[in-house]
Amino acid sequence: MAVRASLFFLFLLLCSLLAAALYEDQVGIADWHQKYIGKTKQAVFHTQKAGRKRVVVATEENVIASLDLRSGDIYWRHVLGKNDPVDQIGIALGKYVVTLSSEGSVLRAWNLPDGQMSWETSIEVLKPSKSLLYVPANAGVEKDNLILVYGGGCLHAISSIDGEVAWKKEFSLEGFNIQGISQPLGGSIIYIVGFTSNSQVVVNKVNAKTGELLNHNSVAYPRGLSGEVLQVSSDLLVALDAARSSLVTINFQASDISFHHMAISNLVQESFVTVSLLPLNVNGMFAAKVDSTLVLARVKDTGELEVTEKINDPSCVSDAILLTEGQEAFAMVQHADNRIHLSIRVNNDIATEVLKESISVDPQRGHAQKIFINNYVRTDRSHGFRALIVMEDHSLLLVQQGEIVWSREDGLASIVDSTVSELPVEKVGVSVAKVEENLLEWLKGHMLKLKGTLMLASAEDVATIQGMRLKNSEKNKMTRDHNGFRKLIIVLTKAGKVLALHTGDGRVIWSVLLPSLRESDVCDSPIALNIYQWHVPHHHAMDENPSLLIVGKCGQSSDAPGVLSVVDSYTGKELNSIMLAHSIAQVIPLPFTDSNEQRLHLIIDRNSDGHLYPRTPDSINVFLREMSSIYWYSVDAEKSMIRGHALKGKCNLDSADEYCFSSKELWSIIFPSESEKIAKIATRKMNEVVHTQAKVNVDHDVMYKYISKNIVFAATVSPKASGEIGSATPEEASLVAYLIDAVTGRILHRVTHQGAQGPIHAVVSENWVVYHYFNLRAHRYEMSVIEIYDQSRAVNKDVWKLILGKHNLTSPITSYSKPEVVVKTQTYFFTHSVKAVAVTATAKGITSKQVLIGTIGDQVLALDKRFLDPRRTLNPSQAEKEEGIIPLTDALPIIPQSYITHSHQVEGLRDIVTIPAKLESTTLVFSYGVDLFFTRIAPSRTYDSLTEDFSYALLLITIIALVAAIIVTWILSEKKELREKWR
Amino acid sequence: MGRRRSLLAFLLLLSISLSLFCSNASADFQSDELLQDDDEFGLEGARSPDLEHLNPIRTPIRRRSDPDSFSSSDSKAIQFTLEHAFGDSGFSPAGTFTARLKSWNHGGHTLTKLRFSRNALTHAEKEAFEKLLKEDDFYIIRVPSNVLSPGPDYIVSSIKARCLPRETLDEQFVIHAEGVNILAVNYGSAGPCQYPRPLKFPAKWSFNSYTLLKTSEQAPRTPAFAEELLAGENGEEEGVKPPEKSFWAKYWMYLIPLGLIVMNTVTQAMNMPEEQAGGQSGTQAQQTVAQRGPNAAARRR
């Protein structure tokens, strides 16, 4: 009976939740979804003549996509897993795209028109090595072409029709590294050339049909080889020698291997520092980058080298495409003064440029980094060329006939960090004409909506209503709105580009490729790290623009110097940039501002010294006042250690730097390395608002939430179980969850989950933590919740104490007091594995919370926090039910309607960001991965505003009708009264 | 035969010595017995965290337990030192923790019976502490992270020195241990620490130490839940019914307006003194209202 009742109750609850979903025609009103692919690594053009022209690209975000060459739209797209990077891509049989991924261990064929996977072959890779995919040129479509794949010391010939392995040849030679595969046209012989670790050049002659080894030949090159090598033609290799000072041409198809050697200094007649070879698949030609100069050279029949061109500007070359028999074309781009110069040359007449175009590009796209070309037949039957150019900011351009046909902002597929900026305040003084026009449109719109409500609208009208809803000009305005829905989402991408997206429709308002985060002499391999709010004007909000702080560093190592850059939030102009002398380990935005309202930031370097920014006397005054109450913690995952720090005094550096502060270690927690390994650290969001500190129980008892900004959730797993799920037995695996106070290093709570394993995802909010992990015993994912309550304030429940003022509610709370906490926990099963977890945030913290879960299907699920309440019991009493406690179930329900991404998928989901709107009921949600998705949700529904499709006209008409009715009845009654009196 | 006899004699001796030791201990260390119970209780993971402040284990200072008595018992006794530092000074020994290491059959170890004895503050240390109090600086302590084989890693913990002084210097150690490893030490004053911290000196310059050993709790898991669910299904009839509400609690929202209406009519009736009959009935109604009046007030509070 009780179970039935609880089920009924659950059903009722589900019904109540249904209303939280949206109707089909509401899609796109508040949300937008953008699809990206990431930085293009390789591109192949469709060779078939029929059908629309497409290009297939493989990207660094492990995406394979087919793009429309006319518009840049995505026809189809597949996002491979994080651990499945695409190495190479090719086209087989004219109808399949073949991709080799995961270091040459998986070969897949995708159908060109629709992207369906035709077959997949996994190749056994014994040891990691360079992988190579060789798809023979389409000699004939009807023939069963074999695709040659080299990976892990083994050469596989795979049928391109069904992916069957035709033959397999192992090269057991020690240190053998394949460098090239060549198949002379029409021949049944394959040459496999490779180097061994001791600079031997090995040539294997293999029968293409059977894989039989026909001939094995190896010659040692006395000077040694660097391993960098290019295949110049079917019988020639060009390699760099071990000293990287001269080029070696290797002719391998003859009966014996012959070398020809030439010093690079002879080629360029200059001294040089670095040299690298660039792939250029033009017969008999190669390219090399000597310092910053691009050198094009030709290999003569005798094996000698001849420089044909030197280019000093930043430039790159494309692979060659076959025009006619023996005629190959390749493209070259040079970048100079915001213009890119594209030239296309043909190999048999290298001096003349077949095509020369100059295109102006947005300077915020940086230099061209890669180019792929494709030819087509013009209306006058001559050869036309189009080029696909990958820019420094990871965007993709298609250039044809001297102009940019389309461009894709694919840097947005690799967002590193994001923040939000308010839009400018609306200035007073709007023209009357504008208002009139708006009024007319407003009336028209409402008439249409009225029609729609009264079921009088035709199909056309419905379409216009829908269009109006979607194109609601109100939401795309560039000013602040009353509800706080309109904002700028500022994102920082991996390429060091900062873009501002409008929350209304996701369009890019401005973008800037930060000069300080571009590769230069002072900073090679810069890495973009974080973005913070630097300056948020309140006093002069009308005339001052907010600005942002972008933090990056130069180089991978932990002691790499940092880079700071300040950018205006409204215009994207870089206001200031500093190259730091110290490294960046941690950036702490402090809750203080100087007199210019610039936020103080403390940057901790590798030596645990703190550096204060902005460097103004004013900021240091503010800082010195608050210095004694600044604490931070650092996590050393390798040593399984968490340390707490406080500031001590000035740095003891040689130079007197008054913005530098030394620190001291206050506490440390060391997890035993043999049994625990840090797997997850989570903290509360600094800007989170908590509305009420007390929670009233069913029995009218008050529990005080333990609300501390310093609470840190740490989870450790046993080292054996730190790998993939299933790599450890339940007995070996355990997970320990900790709640730590970051000021004193106190462990407030510690709990062990036996037989549990990562990956762990956690979110901390108010006084609770929700974390997700895998339970090996139950073979299911679980979510646990910990709620922590403060007992030291429980004495305040006495009314008399409150009246007499003896309570301690107003006394300041210090972390140094001994905490008296009570913890409530509960664990539930959860069906999905999870990619990211977040929690909704509202302006005042009154609205109940939802936990946003990025599921493995790249969708975002909103789960009511009520489901994760540790107070849920099997048979809640009537009072508990009234309070909203749901009967205890062992699993969390997944209600299809509560997917906030509805039909969309945020491919490659990495993070979910919640932003409070001004309207208390509403949270803005921005989730990103390869795709971007933005929506706004109301966890307790929009209780504080009317919905957008509320028919004001209907209300107006009703009021008018009522007023009219009142007047009429009044007149009638007057008349009646008069008649009565006359009687 | 001779061997057996000697063995018997040995056992007898051992039991005598043990009983002697026990009686000795019970005579001298009344609190130790309590501690033992408390520890065993804690081991089961059943201790609720709020119990700890109710019965803290008070180890009086300067009352060192004889380490020899531990070595004579069969579980292993271990010692590790507590070091302290005043502000930026270096670490120096401050006291000794003694504990027993229990070995389990499956190879695990557990620390039990933690005791602490603090060295008396030297004059220099006292001065250093006074300086700390004046500067509102940190008093830092550390213990080795591995108590069996102290390595280079230390668990550090600290407190603002001004939080400690009361009558004496009250301190509390909550040591989180896992096997032979100490994860963390929650170090601080035994009670609340005021903020802003006033400068005050203790009446007596000695430490009053409380120690507590904490091991990890096991997370409760829902298998019990499934059984409960089944049990709930079987014992359907016994399901808790919500307590029946009183008549008043159920219908107060109807009764109050009704009362008002009645009152209204009564006053109206009073205004018409000509009609005697109506007035009588009115007083009756008023009586009933008057009876309900205080009741309603009590309910609504």
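Is A:D911 buried, exposed or partly exposed, going by its C-beta neighbours inside 10 Å? A:D911 counts as partly exposed, because 18 C-beta neighbours fall inside 10 Å, whereas a buried residue needs 20 or more and an exposed one has 12 or fewer. The model is predicted. Chain A holds 64 strands and eight helices.

**Chain A overall**
- Chain A has 983 residues, and 40% of them count as buried.
- Among contacts in chain A with a separation of 6 or more, 50% join residues 24 or more positions apart.

**Around A:D911**
- A:D911 sits in strand β62, which covers residues 911–916 of chain A.
- Beyond its neighbours within four places in sequence, A:D911 contacts A:A836, A:S927 and A:Y928.
- A:Y928 is 17 residues away from A:D911 along the chain, yet their C-alpha atoms are separated by 5.7 Å.

**Helix α8**
- Helix α8 of chain A takes in residues 952–982, 31 residues in total.
- Helix α8 of chain A is hardly covered: zero of its 31 residues count as buried.

**The UniProt segment**
- An unreviewed UniProt entry places a "transmembrane region" at residues 950–973 of chain A.
- That annotation may be inferred rather than shown by experiment.
- In the model, residues 950–973 of chain A are 92% helix and 0% strand.
- The end C-alpha atoms of residues 950–973 are 35 Å apart.

Terms used
Residues are numbered from 1 along each chain as its sequence is written. Chains are lettered from A and ligands numbered from 1 in the order in which they are written. This is a predicted model: local features need pLDDT of at least 70, side-chain atom pairs count only at pLDDT 80 or more; totals for chains, interfaces and linings use all residues. Helices (H or I, at least four residues) and strands (E, at least two) are DSSP runs, numbered from the N terminus. The expected span of a helix is 1.5 Å times one less than its number of residues. Two residues are in contact if their C-beta atoms, placed from the backbone, lie within 7 Å.
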